Amino acid sequence: MSPRRNRQRGAQPADHPGPGRYGLEITEEWRGEDWVVRQIGSAGAVKHYRCPGCDQEIPPGVPHVVTWPRYGDVDDRRHWHRACWNARNRRSARLQRSRNAPRY
């Protein structure tokens, strides 16, 4: 039997390039630009966001995707539903809101 290792759960060495607090970032090309895409789990989703793909609200606790241009600003980040981000090329550029949809 080998000895037990007394190490904190989830602890990684300081030089280990782990996923960080919110997960791994990948780069995808869209509209001729490189976009950074980060998956947010249900524990990391703590606020309400408005999805630019469907113009619906993303409530807290719902896993989603955060995207921003590679050389963009912090203000350029957008929170998308995962399905909306995957279908972004099939959607029209003009969004249509229902009569009762909030405008913010």
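This is a walk through the structure, one selection at a time.

The model is predicted, so local features are limited to a pLDDT of at least 70 and side-chain atom pairs to pLDDT 80 or more, while totals for chains, interfaces and linings use all residues. Numbering starts from 1 along each chain as its sequence is written, and side-chain values rest on heavy atoms, with hydrogens and water left out.

**Whole chain**

Show the protein chain as a cartoon. One helix and six strands are there, in the order β-β-β-β-β-β-α from the N terminus. Helices (H or I, at least four residues) and strands (E, at least two) are DSSP runs, numbered from the N terminus. Of the 104 residues, 25% are buried; buried means under 20% relative accessible area, exposed over 50%, and partly exposed in between (1.4 Å probe, protein chains only).

Select β1, β2, β5 and β6. These four strands make an open sheet in the order β1-β2-β5-β6, with antiparallel pairing. Two strands count as paired if DSSP finds at least two bridges between them. At the edges stand β1 (25–30) and β6 (78–80), each with a single partner strand, so one side of each has no neighbour in the sheet. From one strand to the next the twist averages 35°. The angle is taken between N-to-C directions, from 0 to 180 degrees, with axes as lines fitted to C-alpha atoms, for helices over the stretch in contact.

Six bridges join β1 and β2 in the antiparallel sense. Thr27 has Val36 of β2 as its bridge partner, and Trp30 stands opposite Glu33 in β2.

The two strands form a hairpin with two residues between them. Arg31 is exposed, with a relative accessible area of 66%.

**The cores**

Select Trp30, Trp35, Val37, Tyr49, Cys51, Ile58, Val65, Trp80, Cys84 and Trp85, the 10 residues of the largest nonpolar core. A nonpolar core is a set of buried Ala, Val, Leu, Ile, Met, Phe, Trp, Tyr and Cys residues joined through side-chain atoms within 4.5 Å. Both β2 (33–40) and α1 (82–86) supply at least two residues of this core. A second, separate core has five residues, among them Val36, Ile40, Ala45 and Val66.

Centre on Val65. Leaving aside residues up to four places away in sequence, Val65 touches Val37, Arg38, Gln39, Arg78, His79, Trp80, Arg82 and Trp85. Contact means heavy atoms within 4.5 Å. Across the protein chain, 45% of the contacts with a separation of 6 or more join residues 24 or more positions apart.

**Two loop residues**

Go to Gly44, in the loop between β2 and β3 (49–50). Gly44 is partly exposed, at a relative accessible area of 29%.

End at Asp55, in the loop between β3 and β4 (57–58). Asp55 is not a glycine, yet has a positive phi of about 60°. Most residues other than glycine have a negative phi. Is Asp55 buried or exposed? Asp55 is buried, with a relative accessible area of 9%.
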